[in-house]
Amino acid sequence: MRMVHYKNKRIVLEKREARSGKILFIVPIISFIVSLVLGAVVLAASGANPFSTYFYMARGAFGSWVGFTETLVKAIPLILTGLGVTIAFKLRFWNIGAEGQLVFGAIGTAWVMIFWTFLPVQMLLPIALLVGMTAGALWAGIAAVLKAKWGVDETLTTLMMNYIAILFAEYLYYGPWRDPDGYGFPGTKAFPREAWLPRIAGRAHWGLVIALAAAVILWFVLYKTKWGFEIKMIGLNQRAARCQGVNIQRNIILVLLVSGALSGLAGAVEVTAVQHRLMKGIDMGYGFTAIIVAWMAQLNPFAAVLVALIMAGLLVGGDQIQMMMGLPASMGLVLQGLLLFPLLAGTIFSDYRLRVVKQEEVEQCS
Amino acid sequence: MGKETQKKTQDNVILRMSGITKRFPGVTANNHVDLSLNAGEILALLGENGAGKSSLMNVLAGLYRPDEGSIFIRGEQVQIHSPQDSMRLGIGMIHQEFMLVETMTVAENIILGMKDLPFIPLMQEVRNKITELSERYGLKVNPDKYIYELSVGEQQRVEILKLVYQGADILILDEPTAVLTPQEARDLNTIIGMMLSEGKSAIFITHKMDEVIEFSHQVQVLRKGETVAVCKTDEVTPKDLAKMMVGREILFHLERDVYKPGEVRVHVEDVSVIDQTGRAVLEHISLDLKEGEVLGIAGVAGNGQQELSEVITGLMPVTSGYLYLDERDVTGATPLKMIKNGISHIPADRSAMGVVGDMSVADNLVMKRYRKRPMSKNGILNGSVIVKFAKKMIDVFKIATPESSTRVKFLSGGNIQKTILAREIDSCGGILIAVYPSRGLDVGATEAVRKNILKQRDNRAAVLLVSEELEELMMVSDKIAVMFEGKIMGIVDARETNIEQLGMMMAGMVKESTL
């Protein structure tokens, strides 16, 4: 006779055979709730009421028309740099230099705006945006060529080139490009008003349309074209891609030119629509937050738009709680960080499922 | 050889497993399997990949705990909870991948991990005992050599010696001859024979029929986790075994057209390749590959065969020499150029080079065709055409997959290989470079691969077949070139050569050419 009794229940992670769309949707939502709970603990510990804090943050970022347009203003560069990082990461090229590429985009744009005075003023804006994109692309292209030709590690090159770009911009607006009539203010003179990127509503500007269009185009390129197919192949298995005749080196360079161009466009849009000059504060950290945006969106361009909006909301909301609750603005950053952890940890559930296993033990009775 | 020592003793059971069941999430690896091993005998455990051989042996080795069932050693019931338990009971397992520390000596490796060792081991004593044991069993190894200095065969001997040193008398060998030359395999046979005569016994995990016949006294056939048959080796033929193993008839003789070689498609002229470490991986290789022939490349893995295939497919640049395709110089051409010139490639490492595991079966099937119409137009992919194409291929090549959208990494090795085969054969422009195409596949999948290769040959393709299995080479090839240390030792007619001749050349012994 055999007796079977259950003992030792265990929880194991099991690999999912296919990623279901439902899971991909639910996991971020649950993660978001978990991060709100974690944030509440931190807020409570620092003596603030979590509920009112969240309320003021949400109201500040999304609750009023002015607040919402402000969130959009911050979301625009986040979307563009997020997309730039997304295409590079698809190739498993760890471009963490979006910040520098953004700054170079701004420099290129400012150069046209200030010095290409021979152009008719209507031509200034489109050409300045194009030159800004090109500048960002070339800045990223340097790291790409180094990687493609000599295998130089891109995390190092792209990271270091951020600082070069930021310091170079500083040199320009403190030095040769400084506005002589600016009373010592670190910045160039303002771009011609006719060449500013126009606003749509509040401070929100046409950069929003550009960013959304970029997201749609990038999605189409990545999922529907031959080139996107090759990028995916290289990213997921470079050796296999090479065996199938895909030119790895050329793709690294091409993808990084596009990646840099998108971040460069972010910088170009920022200076033509918001600051109207190249000045101190161009390196706001959008290019670094872009890495978070791309990861949290799991390299999906549409999701990147959504995530960029949330991150922008946290930035704006963070300013609000400083004003309304007397909390340090850095609390907004703390909450941003807390949002990240559950989301990144949660991604494991899109590939794995939890299962409770009952270990069977067999006992032989005589 | 051990067979002469066979005794007709049925009460001589040293090991008995009863009703072993081992479940993994979604599969039952072993379903109430019984097993019995006589002292002084070899039991061959035969079965396709996934039949449950390895999981059954891992239960014995203490790596898995069975969900049901019991184990008896010399009539006494035992509990095996860990590899240490297993070792203490005298069970020792040699895995396919050796567990040796390369930068330590033979003697050091042998005592590594032993519990009852003094704090400072007396190496002279250890050395003496090793020498004594190696003389007793014919395990020729120098205890002071470092592991990295040894050949694969010698490393295997160290593994065996390690088990014997620790007092194992039941040896489990997981596909022991897979990595050996025929000569080394024969030596292994002798060694095992000597051990049997001392009352030790062994279990062989294998899926090679000839090995079963040559080595074992008894054979147990597993299929889908259950025992299909247990019989005396003398009383069965390879054909019976194969049939039991796959559950249907297997062809040992493959039909093919008469050998009529045509034009030279690929001409390799005096090619040498020196790798980044300065080692010559290919030295002055010259060969011709003609249409309508299969040129086999024999050799123990790592003697330059893979490099040769990568030179022909454009993946590896040559240091000197020339490569001609249909009499055009294509030295240094890109992989894409070679693909466009009609070369198909079944790469050596199927998951690392052959497929993108995280992409779908359909995507993987279209990886040679996506560049052209109708799969894509003006750079834009046509999803519905691709899926339709994939479904047709899945059907024709009998790829077992739930959906065409299933990610390839979830398929079995055999079905991954069929996916590669389907893609490469479908796009083949008359030259097929197949590297270890049946490695690790079960009998059914292996047969499908070989048939498809021969079909290409009969359709006048030029086929280069790199393989470690001499039977496969002799079955499928028209000519066989043997490689050793980056050189071609000779090219022989596949119908006239024999295992001995090839084996000698694989070991670098003779250089002869019958062509």
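Helices (H or I, at least four residues) and strands (E, at least two) are DSSP runs, numbered from the N terminus. Residues are numbered from 1 along each chain as its sequence is written, while chains are lettered from A and ligands numbered from 1 in the order in which they are written. This is a predicted model, in which local features need pLDDT of at least 70, side-chain atom pairs count only at pLDDT 80 or more, and totals for chains, interfaces and linings use all residues.

**View 1. Confidence across the two chains.**
Let us start with the scores: the model has an ipTM of 0.84 and a pTM of 0.75. The pLDDT is the predictor's confidence in each residue, from 0 to 100. Chain A has a mean pLDDT of 87, with 90% of its residues at 70 or more. Its residues 1–7 have pLDDT below 50, and this stretch has 12 contacts beyond near neighbours in sequence; here two residues are in contact if their C-beta atoms, placed from the backbone, lie within 7 Å. Residues 359–366 of chain A are also below 50, with 16 such contacts in the model. For chain B the mean is 85, and 94% of its residues reach 70 or more. Within chain B, helix α8 (residues 238–246) has the lowest confidence, a mean of 76, and helix α12 (residues 361–365) the highest, at 96. Residues 1–10 of chain B stay under 50, and the model gives them 15 contacts beyond four places in sequence.

**View 2. Where chain A meets chain B.**
Here 23 residues of chain A are in contact with 28 residues of chain B. On the chain A side, α8 (226–236), α9 (238–243) and β4 (352–364) each supply at least two residues. The most come from α8(A), which gives 6 residues. Sorted by class, this side of chain A has 8 nonpolar, 6 polar and 9 charged residues. In that sorting, Ala, Val, Leu, Ile, Met, Phe, Trp, Tyr, Cys and Pro count as nonpolar, Asp, Glu, Lys and Arg as charged, and the others, Gly among them, as polar.

**View 3. Two packed helices in chain A.**
The axes of helix α12 (residues 301–325) and helix α13 (residues 330–346) of chain A come within 8 Å and cross at roughly 145°. Axes are lines fitted to C-alpha atoms, for helices over the stretch in contact, and angles run from 0 to 180 degrees between N-to-C directions. Residues making the contact include M311(A), L314(A) and L315(A) of α12(A), together with L333(A), L335(A) and L339(A) of α13(A). By class, this contact has 8 nonpolar, 4 polar and 1 charged residues.

**View 4. A sheet of four strands in chain B.**
Follow the order β12-β11-β14-β15 across this open sheet of chain B, whose pairing is antiparallel. Two strands pair if DSSP finds at least two bridges between them. At the edges stand β12 (280–290) and β15 (328–329) of chain B, each with a single partner strand, so one side of each has no neighbour in the sheet. Strand β11 (residues 264–274) of chain B pairs with β12(B) over 7 bridges in the antiparallel sense, and V268(B) stands opposite L287(B) in β12(B).

**View 5. A sheet of six strands in chain B.**
This open sheet has the order β16-β19-β20-β13-β21-β22 and mixed pairing. Its edges are β16 (343–346) and β22 (487–493) of chain B; each has a single partner strand, so one side of each is left without a neighbour in the sheet. On average, neighbouring strands are turned by 15° against each other, direction ignored. Strand β19 (residues 431–435) and strand β20 (residues 462–466) of chain B pair in the parallel sense over 5 bridges, with V435(B) opposite V466(B) in β20(B). Helix α17 (residues 499–506) of chain B packs on the sheet, touching β13 (293–298), β21 (479–484) and β22, and its direction makes about 30° with that of β21(B).

**View 6. Backbone details in chain B.**
Look for H32(B) in strand β2 (residues 27–38) of chain B; H32(B) has a positive phi of about 45° although it is not a glycine. P374(B) is in the loop between α12 and β17 (376–377) of chain B. Finally, β9(B) and β10(B) form a hairpin with 2 residues between them, and K224(B) in the turn has a positive phi of about 50°.
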